[in-house]
Amino acid sequence: MKKTAAELAELVGGVVHGDGSVVIEDVRSAEIAGPNHITFARGIYAEHIEEMQAGAILVDELPDHYTKNLIVVDDCRRAFGQLIDLFHPEVKFPAGIHPTAVVSDKAIIGKDVCIMAYAVIEDGAEIDDGTVIYPYCYIGHNVKIGKNCELNPGAVVHENSILGDRVVLRAHAVIGGQGFGFSTDEKGRHTHIRQLGRAVLEDDVEIGAGSAVDNGAMNNTIVHRGTKIDNLVHLGHNVEVGEDCFIIAQVGIAGSTKIGNHCILAGQAGITGHIQICDNVTLGGKTGVTGNITKPGVYVGYPMRPHIEWGRLEAMIGHLPDLFRRVKKLEKDAQK
């Protein structure tokens with residue numbers, strides 16, 4: 001495919017500054033883009049625009065001085081995503097049920113649904129229009145799946161779970177598995193207590209590869225609209241995550257914790273159970289949360305502290321060896 005910079009600018013709602021007739025054949029990263037490619041520059045990359053060899057560059061703001069062909073848009077990263085879809089459209093799978101798929105005659109399958117090889121759909125499951133079920137997926141009894149969802153290979157949706165519209169499950173995600181609930185007798189032996197709640201994923205939720213969202217003990221585990229969950233994340237039973245959150249790789253959230261809207265949990269953050277985190281909280285990587293967070297802001301460390309407070313303490317820790325030597329010297333001087 002070939003498009004001029006002007007044509008691409010019109011497509012993404014941008015304005016060309018430079019040569020709008022330059023021909024673009026593909027998208028590339030800023031480091032490797034050549035004269036027939038388009039890329040984007042934001043943050044520290046925007047400082048190196050003049051070093052880039054791309055035929056056109058998407059930017060959020062027009063720099064004071066430039067010699068390159070620039071397309072100014074409201075959000076250059078989002079615009080670049082639009083052009084990725086233009087030059088590399090996703091494969092569209094035809095509707096239909098593969099002969100090797102096992103689909104209950106008591107399941108309800110909507111229009112234009114694609115069910116691929118070796119998928120299993122149990123009694124009472126409902127799959128709405130336009131959803132794609134990749135090979136080796138398992139859809140349990142009475143599961144409800146909305147419109148235009150995408151379940152990648154090996155994804156498992158256990159009984160009674162509910163998925164809204166446009167939900168994406170990456171490979172081997174597990175939704176609605178039995179939560180971690182046990183009773184322990186006087187001899188230390190553990191007996192599993194069945195969890196009867198559901199796992200509910202609202203519209204536009206994405207769950208990464210190998211991640212697990214347990215079902216609720218009695219009430220539901222809920223991930224609200226628009227939240228995106230990365231690979232290898234675990235949500236325990238009765239967890240509730242608000243709207244438009246980012247939960248990044250290897251985060252663990254213990255049972256019955258409630259997280260507000262627009263929160264970001266960076267990699268390997270750990271959240272204890274039965275606490276509440278308010279809206280607009282960001283947790284740095286490996287942060288350990290052991291109590292409620294009631295004020296928006298950035299928190300880091302274990303136990304978690306506001307970022308500014310943590311930075312001051314870390315700076316003090318760096319001075320401890322010198323302080324120790326000074327104290328020892330003062331002790332010796334005092335004994336003379």
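Modeller: Val327 lies in helix α4 (helices, H or I, of at least four residues and strands, E, of at least two are DSSP runs, numbered from the N terminus). This is a predicted model, in which local features need pLDDT of at least 70 and side-chain atom pairs count only at pLDDT 80 or more, while totals for chains, interfaces and linings use all residues. Residues are numbered from 1 along each chain as its sequence is written, and side-chain values use heavy atoms, with hydrogens and water left out.

Val327 counts as partly exposed because its relative accessibility is 35% (buried means under 20% relative accessible area, exposed over 50%, and partly exposed in between, with a 1.4 Å probe and protein chains only). Together with Ile317, Leu320 and Leu323, Val327 forms a nonpolar patch on the surface, with about 330 Å² of accessible area in total. Patches are made of residues with over 30% relative accessible area and no salt bridge; like charges are joined within 9 Å, and nonpolar side chains (Val, Leu, Ile, Met, Phe, Trp, Tyr) within 5 Å. Accessible areas come from the Shrake-Rupley method with a 1.4 Å probe, only the protein chains shown counting as cover for residues, and a salt bridge is a side-chain nitrogen of Lys or Arg within 4 Å of a carboxyl oxygen of Asp or Glu. Helix α4 (residues 320-335) supplies the largest share of the patch, three residues.

Other nonpolar residues lie in the interior. In soluble globular proteins, nonpolar side chains tend to be buried together. The largest nonpolar core has 54 residues, of which Leu151 and Leu169 touch the most other members (such a core is a set of buried Ala, Val, Leu, Ile, Met, Phe, Trp, Tyr and Cys residues joined through side-chain atoms within 4.5 Å). Two or more residues each are given to this core by β11 (114-115), β14 (132-133), β24 (199-201) and β37 (281-283). Leaving out residues up to four places away in sequence, Leu151 touches several residues, including Val132, Ile139, Val157 and Leu169 (contact means heavy atoms within 4.5 Å). A second, separate core of 17 residues includes Ala9, Ala56, Ala79 and Phe87.

Strand β5 (residues 37-41) runs parallel to β6 and is joined to it by four bridges (two strands pair if DSSP finds at least two bridges between them). Phe40 stands opposite Leu58 in β6. Three bridges join β6 to strand β7 (residues 70-72), again in parallel, and Val72 in β7 is the bridge partner of Val59.

Elsewhere, 10 strands form an open sheet with parallel pairing, in the order β9-β12-β15-β18-β21-β26-β29-β32-β35-β38. β9 (102-103) and β38 (288-289) stand at its edges with a single partner strand each, so one side of each is left without a neighbour in the sheet. Strand β35 (residues 270-271) pairs with β38 over two bridges, and Ile271 has Val289 in β38 as its bridge partner.
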